[in-house]
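Trainee: I would like to learn how to read the contacts between two chains. Where do we begin?

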Amino acid sequence: MEIDPFIFRLSIFILSIFIGYFVVWSVTPSLHTPLMSVTNAISSVIIVGAIIASFSSLEGSGISFSNILGFVAVTLAAINIFGGFLVTQRMLQMYKKKEKKKNK
Amino acid sequence: MSANLSSILFLITGVLFILALRGLSSPETSRMGNFFGITGMVLAIVVSILSVDIFFNNLIYFIVALSIGGIIGGIIAFKIPMTAMPQLVAGFHSLVGLAAVLVAVSAYYSPDSFGLGTFQDIKTASIIEMGLGVSIGAITFTGSIIAFMKLQGLMSGSPIAFPGQHYLNALLGILIVSLIGYLIVNQSTQIFWMLIIASLLIGFLIIIPIGGADMPVVISMLNSYSGWAAAGIGFTLENTALIITGALVGSSGAILSYIMCKGMNRSFLNVILGGFGTDSSSSSKNEKTEKKPVKNGNAEDAAFLMKNASSVIIVPGYGMAVAQAQHALREMVDKLKKNDVKVSYAIHPVAGRMPGHMNVLLAEANVPYDEVFELDDINNDFANTDVAYVIGANDVTNPVAKTDPKSPIFGMPILDVEKCKSVLFVKRSMSPGYAGVDNELFYRDNTLMLFADAKKMTENIVKYLD
């Protein structure tokens, strides 16, 4: 009997949960806020779905309801992607080690 | 682009995202991690565009949509003050939730473009996945909106409870599960939209009874939900990148919720059922408060105490964030260091309104991260410390958590500031903290209360340190 491709996706899903579990436990608590903003940014990879929706019309059929939903979803995901990664970057820039010699 | 090639590239996206999270294990590697994350995202977007049939009109609209979103996101990222991080993250979560709903609705109306079958004749597995995705997405959306409003102060941060609340939620929960089940036999638009509306409603209802200081758990939980919603859509679209990312984000949020609950010694269920701290502020307690004397100090006393100490531990809490006192605090610490006082910072896991909130604020004020310690790493040092400067924190220092089994915060891990030779509390008033519990530390002989706005008091102390 052939294995349903769903089973493969389920396997990827379950194994990824475990990877997430171990990777996230190794995140230092002081970086928990950047962790939240970066997970936020990467979950916007849902934009791949929004892209399919944006281009889901048949040749010559004009802009459909699904397309409009797609464009809105692209906008929302883009806010998240740019906002999420940039704000994470901004936060991470601020984490500095103790300077060897204080100039003050 | 062939389906196999795009699948492999999506897998690489997933791997890059794993590396992005891995980078956060230390501040040095974190910036590289963020770069991996950005690369993964660019790859995912490029691959998806190359995998669809491009129509010119749609492409124009797509580029406009992407640019508008990008510009808004960019402006927000640069303008947002660090104290507003919790509401920003909550707001971003709501966008992920809404995007998931929109993608699912779009897939429901044009399943052929997504390769899922035809309208109202979608493959059984796909309609279940779609139902789950749209439902979790909708819950994430409204739940995050409420969390955002509470954090932004657009809505009272206190719990909103009404009789029969839990029954109503349970009923809606059952309704949602049955509607998803019913979609298998009947894919009518009515059922699909009913599912969305019920999910939107329950997202709203589960967050309103949760109070302000429980927000770290709520934000983490919504973070987790946004991941599961993405994974649900990932299954529908049979997209590896989305499935991996959804699983990563889902487990990340779940772990953060767990850490936050543990930081309060409360079960997840207890937090979610809400209403914490509403019934403990009985009048008898308030009377007792007024009778006991407290030692009231001013900035000069505090400056004198700290200048002559050999070691000081700073304990920041949400009050520091509200008063935006982190820069003044750093200035004070610089002055103290010049007087050869050893200064470190102690952070309780649930200090502030989101995981790691205090750390970001201190980092913003240029406090080196190796002077900032987590509870377990610093708690033994309090006994050898001269002064604890508690700024805007209360419940997390309350020794009653160790001594009184009847207290609502009993068993919560606390910072042992009581063991310091003297304790300075910067607070606006005698009012109890979020848990509604009186802090007996206020009445001790070695405690000095500094009643003022955290920022003003700290600035005044700085003046007296000269």
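Mentor: With a definition. A polar contact is a pair of N or O atoms within 3.5 Å; within protein, one must be able to donate a hydrogen and the other to accept it. This is a predicted model, and between chain B and chain A it has 21 residue pairs in polar contact, both residues at pLDDT 80 or more.

Trainee: Which helix of chain B gives the most to the side that touches chain A?

Mentor: Helix H3 (residues 56-79) of chain B, with 17 residues. Sorted by class, that side of chain B has 65 nonpolar, 29 polar and 14 charged residues.

Trainee: How many salt bridges does the rule find across the interface of chain B and chain A?

Mentor: The rule finds one. Arg9(A) forms a salt bridge with Glu238(B), and their closest N and O atoms are 3.5 Å apart.

Trainee: What is the area buried between chain B and chain A?

Mentor: The size of an interface is often given as the accessible area lost when the parts come together. Here the area buried between chain B and chain A is about 8,500 Å², with 76% of it from carbon and sulfur atoms. In residues, 108 of chain B are in contact with 80 of chain A.

Trainee: Which residues have the most contacts inside the largest nonpolar core?

Mentor: Met332(B), Phe382(B), Tyr389(B) and Ile461(B), in a core of 182 residues. Helix H4 (residues 85-109) of chain B gives the most to this core, with 15 residues. Leaving out residues up to four places away in sequence, Phe382(B) touches residues including Ile313(B), Val315(B) and Leu415(B). Another core, of five residues, lies apart from the largest one and includes Phe13(A) and Phe235(B).

Technical notes. Residues are numbered from 1 along each chain as its sequence is written. Chains are lettered from A and ligands numbered from 1 in the order in which they are written. This is a predicted model: local features need pLDDT of at least 70, side-chain atom pairs count only at pLDDT 80 or more; totals for chains, interfaces and linings use all residues. Side-chain values use heavy atoms; hydrogens and water are left out. Contact means heavy atoms within 4.5 Å. Buried area is the accessible area (1.4 Å probe) that two parts lose on being put together, summed over both. A salt bridge is a side-chain nitrogen of Lys or Arg within 4 Å of a carboxyl oxygen of Asp or Glu. A polar contact is a pair of N or O atoms within 3.5 Å; within protein, one must be able to donate a hydrogen and the other to accept it, and residues adjacent in sequence count only if both atoms are side-chain atoms. Helices (H or I, at least four residues) and strands (E, at least two) are DSSP runs, numbered from the N terminus. Ala, Val, Leu, Ile, Met, Phe, Trp, Tyr, Cys and Pro count as nonpolar, Asp, Glu, Lys and Arg as charged, and the others, Gly among them, as polar. A nonpolar core is a set of buried Ala, Val, Leu, Ile, Met, Phe, Trp, Tyr and Cys residues joined through side-chain atoms within 4.5 Å. Buried means under 20% relative accessible area, exposed over 50%, partly exposed in between (1.4 Å probe, protein chains only).
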